[in-house]
Amino acid sequence: MKKSSFVALILGTVSGVLFALGMCMALLPEWNAFTEGVIFGVAGIVLGIVTLLIFCKMENKKLPKINGKNLFRIIYAVVAALILGLGMCMCLVWSQIVWGTLVGLLGIVMLIALIPMIKGLK
């Protein structure tokens with residue numbers, strides 16, 4: 001594993017955990033930590049952006065351009081992640097195991113479809 005990949009792995013994991021913890025803190029009323037959750041969530045987003053910048057610098061690559069194609073991919077990825085999350089909520093919160101599993105699987109398939117969408121088929 002290259003040094004740049006290892007650094008991106010560690011920083012990306014930390015930023016993802018910070019963001020997820022922040023969202024849990026902000027959205028779960030039982031925790032009574034909305035303000036702290038927003039702070040943690042923003043810190044996770046900022047660390048994710050810093051991770052991208054550090055990785056691009058270490059790999060001597062340019063930042064990805066925001067064009068129509070990349071914007072579509074971003075929107076598609078967000079929708080797919082939301083569908084996966086909806087399936088999880090249906091199973092865990094609303095006790096709709098069968099429908100939640102089907103919706104969650106649809107989200108997983110949509111996320112897997114990102115690989116050929118970004119890398120292409122050869």
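Here are legends for a few close-ups of this predicted model.

**View 1. Confidence along the chain.** Start with the pLDDT picture: the protein chain averages 92, and 100% of its residues reach 70 or more. Element by element, helix H4 (residues 97–112) comes out with the highest mean pLDDT, at 95. The lowest mean, 90, belongs to helix H5 (residues 114–119).

**View 2. Ser15 in helix H1.** Zoom in on Ser15, which sits in H1, the helix that covers residues 3–27. Is Ser15 buried or exposed? Its relative accessibility is 7%, under the 20% cut-off, so Ser15 counts as buried. Which residues does Ser15 touch once its neighbours within four places in sequence are set aside? Those contacts are Gly44, Leu47 and Gly48.

**View 3. How H3 and H4 pack.** Helix H3 (residues 68–92) packs with H4 at an angle of about 160°, and their axes are 7 Å apart. Angles over 145 degrees count as roughly antiparallel, so that is the label for H3 and H4. As for handedness, H3 and H4 make a left-handed crossing.

**View 4. Side by side: the H3 and H4 contact residues.** On the H3 side, the residues taking part include Tyr76, Val79, Ile83, Leu84, Leu86, Met90 and Cys91. From H4 they meet a set of residues, among them Ile97, Trp99, Val103, Leu106, Ile108, Met110 and Leu111. Glycines turn up in both helices, including Gly87 in H3 and Gly100, Gly104 and Gly107 in H4. By residue type, the contact of H3 with H4 splits into 17 nonpolar, five polar and no charged residues.

How values were computed: Residues are numbered from 1 along each chain as its sequence is written. This is a predicted model: local features need pLDDT of at least 70, side-chain atom pairs count only at pLDDT 80 or more; totals for chains, interfaces and linings use all residues. Side-chain values use heavy atoms; hydrogens and water are left out. Helices (H or I, at least four residues) and strands (E, at least two) are DSSP runs, numbered from the N terminus. Buried means under 20% relative accessible area, exposed over 50%, partly exposed in between (1.4 Å probe, protein chains only). Contact means heavy atoms within 4.5 Å. pLDDT is the predictor's confidence in each residue, from 0 to 100. Axes are lines fitted to C-alpha atoms, for helices over the stretch in contact, and angles run from 0 to 180 degrees between N-to-C directions. Angles under 35 degrees count as roughly parallel, over 145 as roughly antiparallel, 65 to 115 as roughly perpendicular and the rest as oblique. A crossing is left-handed if the near helix is turned anticlockwise from the far one by less than a right angle, and right-handed if clockwise. Ala, Val, Leu, Ile, Met, Phe, Trp, Tyr, Cys and Pro count as nonpolar, Asp, Glu, Lys and Arg as charged, and the others, Gly among them, as polar.
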